[in-house]
Amino acid sequence: MKTGKISILIHTYWSFVPMKEIYQHYVKTSEINTPIFIKLSHADHNYWYNFKSDSNHKYDKNHYLYNTRSYRLGQLNSELFIRKSISGQYVIVLTSIMAKSILIKERFAYLISLFSPNKKKYDIYFEKFSAGASESAFELFKYAFKMGDSCVYILEKDHPEFQNLKQQYGKALVGKNSFLAFYHIFLARSFQSSDLVGHIQRRLYDNDYLIKKKVLSTDKKIMLQHGPCMATNVFERGYFNRKVPIAPDYMLVNSNFEKNLFLKNTGYTEKELMVTGLPNIDLYVKEQQSEKNQITFMLTWRPWDLTGSIEVGSYLDRYFSFLELIRKEKFYKDKKINVILHPKSRIILQEQFPDIYEKYEESFFEGDIKDALLSSKVVISDYSSITFYAFAGGSNIIFYWEDKALAEVEYGAPNILQKEIAFGGIVEKFKDLHSEIVYSYNNPQSPFYTAKFSKLMECTSGHNTKNTYDYIQNVISQNEHNPLEEESAFSISEKQSSAS
């Protein structure tokens with residue numbers, strides 16, 4: 001809101017920003033988190049004053065708990081609230097509408113948990129947004145369930161397999177945002193997830209005080225990784241910033257190479273890094289010799305070119321070019337081709353370009369990505385961690401790096417995965433992609449690429465699930481004030497030798 005020399009006397013104490021203007025700012029910029037500030041315009045210079053609770057405010061974990069209630073934006077299907085950043089900066093957050101019944105269930109579950117007669121503690125498992133059951137958290141949960149642990153898996157009730165899984169796991173499987181989910185969360189002794197623990201909240205961007213307080217007081221937040229951190233440079237983007245209050249207490253890694261990346265780029269210590277390998281990799285290792293006759297094309301998320309229009313060379317344009325390629329070339333006529341859109345890009349294509357989406361909808365893959373990767377002789381991707389899974393399962397990988405230079409600028413740092421350690425063929429021009437696909441389809445995995453891969457992914461014995469479970473149980477069994485001793489930790493060599 002702009003002001004003048006007279007009205008500034010009033011605006012020194014009061015100013016009003018219509019919520020519809022905040023929403024229009026979000027529509028224009030796609031910024032979910034917007035810092036609040038004052039800008040004083042001057043002929044020679046602009047002066048910026050950030051809104052903070054104190055100009056000398058220092059980092060405090062209470063920032064994470066601070067927020068206002070949510071305010072609904074009329075008919076816009078959105079809510080907003082104000083939180084504090086790590087530095088104490090006030091930030092407006094735009095988020096999705098949440099049913100009031102969820103808030104009631106959460107508070108009731110919290111009260112009941114306070115008077116739980118036996119105070120039984122649970123290990124809580126979930127995946128990104130609590131929306132799936134196909135990654136490492138689910139594999140570890142299945143193993144823990146088989147071992148008779150007090151474990152609970154949280155999953156969206158509208159997941160297509162929810163009812164089938166409910167029959168298998170009974171009370172150990174609960175729906176997200178249900179009374180039982182909240183109740184078990186408040187009695188949790190550990191959170192074990194395939195992504196950051198914040199994804200267990202009621203919604204992705206949330207002003208949830210009770211769950212945040214519980215998570216903050218839990219010192220067994222264990223991240224099993226959504227995928228190996230060896231493709232793009234996630235460290236430069238602050239993904240594992242130890243100053244963030246809910247950063248994982250323990251991180252799973254797949255090799256000494258990956259462990260050293262964490263030691264170099266984060267505040268994690270050796271005792272907080274579990275070199276036991278992704279449990280999900282076991283599924284791929286066991287299917288290495290299975291028949292593979294499909295081809296999968298899946299590029300990673302590119303937020304910088306997915307708005308407004310479909311430019312030549314953009315994310316969506318590359319998909320349309322590939323669809324045209326497989327329609328034109330006879331080589332693909334008798335083969336199953338899986339064209340997989342990133343979930344976010346599918347939503348944007350539906351919302352921004354409904355006519356185009358309808359035209360190509362039947363060409364896009366529907367189903368579990370894992371099934372497509374396990375059946376593929378060739379997987380074409382760019383900077384996605386799916387390449388690690390696919391290679392572990394016996395697929396040949398093609399790295400399609402036509403926009404690598406631009407991507408690294410947009411990501412803010414060079415990728416970790418470079419030509420020197422890439423475990424597949426590299427294509428830099430679309431016109432060369434077809435010949436590389438034909439070659440990769442007709443040949444087995446190269447020993448040259450296998451050697452590179454084994455350096456990045458040491459844990460491929462097929463026993464990652466057991467090794468990870470044993471390590472975590474050892475961590476959990478320690479006295480709360482007695483950190484895991486180095487000599488009691490499981491090493492790769494010990495575990496793999498016992499497995500063999």
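## Charges over aromatic rings

Arg242 sits over the face of Tyr268, at 4.1 Å from the ring centre. This contact, like everything described below, belongs to a predicted model. A further charge of this kind is found at Tyr441, where Lys335 lies over the face of the ring at 5.2 Å from its centre.

## Aromatic pairs

Across the whole structure, a search finds 37 aromatic pairs. One of them joins Tyr284 and Tyr389, whose ring centres are 5.3 Å apart. Tyr284 has a relative accessible area of 3% and is buried. Tyr389 also counts as buried, at 6% relative accessibility.

Another aromatic pair is formed by Tyr383 and Tyr411. Its geometry is edge-to-face, with 6.1 Å from centre to centre and 85° between the planes. Tyr383 is placed in the loop between strand S16 (376-381) and H15, while Tyr411 is in helix H16 (residues 404-411).

## An aromatic cluster

Ring pairs also connect several residues into a cluster. Its members are Tyr125, Phe138, Phe141, Phe145, Tyr153 and Tyr169.

The structure contains 2 cavities of 30 Å³ or more. The second largest cavity holds about 40 Å³ of space. Its lining is made up of Phe191, Ser193, Asp195, Leu196, Val197, Lys221, Ile222, Met223, Ile246 and Pro248.

Which strands each supply at least two residues of the lining of the second largest cavity? They are strand S10 (188-193) and strand S11 (221-223). S11 gives the most to this lining, with 3 residues. By class, the lining of the second largest cavity has 7 nonpolar residues, 1 polar residue and 2 charged residues. Asp195 and Lys221, both in the lining, fall in the charged class, and Ser193, also in the lining, falls in the polar class.

Technical notes
Residues numbered from 1 in each chain as written. Predicted model: local features only at pLDDT ≥ 70, side-chain atom pairs only at ≥ 80, totals over all residues. Heavy atoms only, no water. Phe/Tyr/Trp six-rings, centres within 6.5 Å; stacked < 30°, edge-to-face > 60°. Buried < 20%, exposed > 50% of the residue type's maximum accessible area, 1.4 Å probe, protein only. Helix = DSSP H or I, 4+ residues; strand = E, 2+ residues; numbered from the N terminus. Lys NZ or Arg CZ within 6 Å of the ring centre and 35° of its normal. 1 Å grid on protein atoms, 1.4 Å probe; cavity = no way out; pocket = protein on both sides within 12 Å on 5 of 7 lines; lining within 4 Å. Points joined across faces, edges and corners; volume = space filled by probe spheres on them.
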